[in-house]
Amino acid sequence: MELAFEVTGHLNGHSAPAICLDVNAAGDTLISGSEDGCVRVWDVSRAVSTRALMPPQADKASCSRMEIGAACAGHGHTEHCVLFSAGSTLYAFDLRTPGVVLRQPHGNFMVNEDDIAALTLDDVGGKLAAADDSGEIQARRT
């Protein structure tokens, strides 16, 4: 079976390679994490970045030098949340918070010993899985 995908648009805004992507359940919001230290929230239909999220330690003059390891959009009862990792710390941002650039997370906590490389959040029960560079995968409940 051959798959063919048509290019429908380009999203520009990161100053370094984007290394992780996730889309919300409705398909109208895309989350991207980059080596520039920013997580961007994109309005897919308008092809514009609507928010920039950064770890609290970020350089206020520009995006942080803390590389984003993984990012995911919330689903179901957490659809207003964006989770991302920088190093071994997981940051949770509430998109109901006003502002275009958000530097103060709703919460943050250590998840794994090593840098977090991948995240996923289920759309029903609020379960989170985080995988780190050592190969460990932790399952958690929100």
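Contact here means heavy atoms within 4.5 Å. By that rule His-75 touches Asp-22, Val-23, Asn-24, Ala-25, Leu-121, Asp-122 and Asp-123, leaving aside residues up to four places away in sequence. The model is predicted: local features need pLDDT of at least 70, side-chain atom pairs count only at pLDDT 80 or more, and totals for chains, interfaces and linings use all residues. Residues are numbered from 1 along each chain as its sequence is written, and side-chain values use heavy atoms, with hydrogens and water left out.

**His-75**

- His-75 sits in the loop between β5 (68-73) and β6 (81-86); strands are DSSP runs of E, at least two residues, numbered from the N terminus.
- His-75 counts as buried because its relative accessibility is 11%; buried means under 20% relative accessible area, exposed over 50%, and partly exposed in between (1.4 Å probe, protein chains only).
- A polar atom of the His-75 side chain lies 3.2 Å from the backbone oxygen of Ala-73.

**Cysteines**

- The disulfide count comes to 0, where a disulfide is a pair of cysteine sulfur atoms within 2.5 Å.
- Cys-20 is buried, at 11% relative accessibility.
- Cys-72 is buried too, with a relative accessible area of 1%.

**Segment before β1**

- Glu-6 is found in the segment before β1 (18-23).
- With a relative accessible area of 70%, Glu-6 is exposed.
- From Glu-6 to Asp-94 the C-alpha to C-alpha distance is 33 Å, across 88 residues in sequence.
- Met-1 also lies in the segment before β1 and is exposed, at 95% relative accessibility.
- Met-1, Leu-3 and Phe-5 form a nonpolar surface patch, with about 510 Å² of accessible area together.
- Patch members have over 30% relative accessible area and no salt bridge; like charges are joined within 9 Å, nonpolar side chains (Val, Leu, Ile, Met, Phe, Trp, Tyr) within 5 Å.
- A salt bridge is a side-chain nitrogen of Lys or Arg within 4 Å of a carboxyl oxygen of Asp or Glu.

**Strand β11**

- Ala-131 is found in strand β11 (residues 127-132).
- At 18% relative accessibility, Ala-131 is buried.
- Ala-131 and Asp-114 are 17 residues apart in sequence, and their C-alpha atoms are 9.0 Å apart in space.

Conventions:
Helices (H or I, at least four residues) and strands (E, at least two) are DSSP runs, numbered from the N terminus. A polar contact is a pair of N or O atoms within 3.5 Å; within protein, one must be able to donate a hydrogen and the other to accept it, and residues adjacent in sequence count only if both atoms are side-chain atoms. Accessible areas come from the Shrake-Rupley method with a 1.4 Å probe; for residues, only the protein chains shown count as cover.
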